[in-house]
Amino acid sequence: MFVRVKPSGRYKYLQVVENSREGRKVKQHVLCTLGRVDQLTDSGKIDGLAESLLRFSKKLNVINLYKEDQLKVLKDVSIGPAMVFERLWVELGIADIIRMLADKRNFHFDLERAIFLTVLHRLFASGSDRAAEKWKEDFHIAGTGGIELHHLYRAMAWLGASRPAGITRASGHPREQYIKERIEYLLFERNRDLFSSLKLVFFDTTSIYFEGEGGESIGEYGYSKDHRPDLKQMVVGVVLDAEGRPMCCELLPGNIVDARTLLPVIIRVKQRFGINSFCIVADRGMISRKTMETLESPSFRIDYIFGCRMRRQKELREELCLSANEGYREVAVSRKHTGKSLVLQVKEVTLNGHRYVICYNWEQAKKDAEDRKRIIASLEEKLKQGDRSLIGNSGYRKYLKSEGGFEIDYERLNEEEVFDGKWVLRTSTSLSAEEVALQYKQLWMVEQAFRTVKSVLETRPIYHECDETIRGHVFCSFLALVLMKELYARLEEKGSLCEWDDVRRDLQALREVKLQMNGQEYYLRTELRGTCAEVFQAAGVAIPPRVRQQ
């Protein structure tokens, strides 16, 4: 159905016409003649008819309002990220703690809002702190409208600043040295019931490099796990409880080795959180003779589960008889993210008065053997092309020997088979061998935390030049990790398994459009997609209505 102009003599007539098919032909049927075009136009009747019809067309009505400047799109922002993580931020008590500590400081801006903005930016975008100022314009984050870049820098400096002297525990030990440590302790006290088990504590370290000098004392040259020995770095340690909840982070100069970080951290955890006895679980890089002697002393009262360096300790490798395949017992490890069980084989050995647990995973053994076969095939191909390209490759070099030229060391390869799928633990606990293996396997939580902090939260590289802002920068990533872990804990309680990339993408896609129509303001919400509904339910946040009026 449409309107056409029909010439007739010297006049033109407006008609309503409908097409219909008759056989193979399409014919037009005049439904009605509205009148002469000139008379309808001059009298204004055509305008009245058009307006009357427009009431029945939602689409054309919107277009007409837009053309007449009666419909304006005022703002289009993402609302999902702030709605979910603001709820967790408040319920964990982080907002109240920051406001309490900053209560008597006259910052002339909302310090808590500046810190929340920085933490939320770490969760959803990559880049330095300076990027957060522009990033926030595309998001609805209550109370951050007046936050500027220098406010973010001042917030970082406050988090990493030293605490006033004279605040001590009854034992006489300093409670916290920095503001960030005070926040960690108050969070721990407020949410102590969430830390379901403090008999077990996980600890690991990583290095984070700087693009500049790395502050006055934190930035130092050292062994770089990022393979950037040309840049100064800092060492970051994270302490998690048995459920993987972050308790605190330790920031150390970049030239300290892993084996020297463990004892000071254990002592500080005991002093700061009032935990006198627990079991520390750490990787093989944390072991040193002094560490072991201290932990095993009667006065220290700290149990441990440590990984051992099988390849570097020849006497350990030979006396533990790693090549023997008898005496193992099976234990099943539940894997939450897949719903499948991992079957391990374990056996206990006592050597020189110390207790060791040998663990074997046949899945990992199969993978190790296949990886080695691929390396051999690649080595054979590269040796045909010449051996110069192999000199600087440490992954290849351990499988080569030089006798006038490089060739594959098949004797070394045969020796490597002994280690396929195996790892050795040393422990001072009274736990069964199966429990020791299970607890050490949970160390993946710390490793996952570091992957999150370094890749997802983009802690590195750091551009700040002062120790205070550097500490504040890293601590904001720690707070972001706290929020992520809390969300995942709630999702697991609901039986939901969500990938972080999906959560981040789906929350950002939830947007709200602010419209002004006929002088009234309306808010239109986009549809939920993917994981949004599960995440909102887990966080306890009500889904906003599709349309609401200001």
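1. Let's start with a residue on the outside. H108 is exposed, with a relative accessible area of 69%. For reference, exposed means over 50% relative accessible area, buried means under 20%, and partly exposed is in between (1.4 Å probe, protein chains only). You'll find H108 in the loop between α5 (94-101) and α6. H108 isn't a glycine, yet it has a positive phi of about 65°.

2. Before going on, a word about what you're looking at. This is a predicted model, where local features need pLDDT of at least 70 and side-chain atom pairs count only at pLDDT 80 or more, while totals for chains, interfaces and linings use all residues. Residues are numbered from 1 along each chain as its sequence is written, and side-chain values use heavy atoms, with hydrogens and water left out.

3. Now the overall picture. The protein chain has 20 helices and 18 strands; these are DSSP runs numbered from the N terminus, with helices being H or I of at least four residues and strands being E of at least two. Of its 550 residues, 45% count as buried. Take the contacts (heavy atoms within 4.5 Å) between residues at least 6 apart in sequence: 64% of them join residues at least 24 apart.

4. Next, the inside. A nonpolar core is a set of buried Ala, Val, Leu, Ile, Met, Phe, Trp, Tyr and Cys residues joined through side-chain atoms within 4.5 Å. The largest one here has 117 residues, and F85, W89, I115, W158, M234 and I280 touch the most other members. Which helix gives the most to this core? That's α18 (residues 467-493), with 13 residues. A second, separate core has eleven residues, including L322, V349, Y356 and V424.

5. Have a closer look at I280. Not counting residues up to four places away in sequence, I280 touches V201, F203, L262, I266, I302, D303, Y304, I305 and F306.

6. Axes here are lines fitted to C-alpha atoms, for helices over the stretch in contact, and angles run from 0 to 180 degrees between N-to-C directions.

7. Another helix pair is α4 (residues 80-91) with α19 (residues 500-509), whose axes come within 7 Å and cross at roughly 120°. Here G80, P81, V84 and F85 in α4 meet W500, L507 and Q508 in α19. This contact has five nonpolar, two polar and no charged residues.

8. Back to α8 (residues 149-159), where R154 lies. Is R154 buried, partly exposed or exposed? It is partly exposed, with a relative accessible area of 35%. Its side chain reaches the backbone oxygen of F107 at 3.3 Å. Leaving out residues up to four places away in sequence, R154 touches N106, F107 and F109. R154 and G472 are 318 residues apart in sequence, but their C-alpha atoms are 9.5 Å apart in space.

9. D420 sits in the loop between α15 (410-416) and β15 (422-427). At 10% relative accessibility, D420 counts as buried. Its side chain makes a polar contact with the side chain of R372 at 2.7 Å. A polar contact is a pair of N or O atoms within 3.5 Å; within protein, one must be able to donate a hydrogen and the other to accept it, and residues adjacent in sequence count only if both atoms are side-chain atoms. Beyond four places in sequence, D420 touches Y360, A365, D368, A369 and R372.

10. Last one: C249, in strand β7 (residues 246-253). C249 counts as buried, at 2% relative accessibility. Setting aside neighbours within four places in sequence, C249 is in contact with K180, E184, G237, V238, F475 and F478.

Technical notes: Ala, Val, Leu, Ile, Met, Phe, Trp, Tyr, Cys and Pro count as nonpolar, Asp, Glu, Lys and Arg as charged, and the others, Gly among them, as polar.
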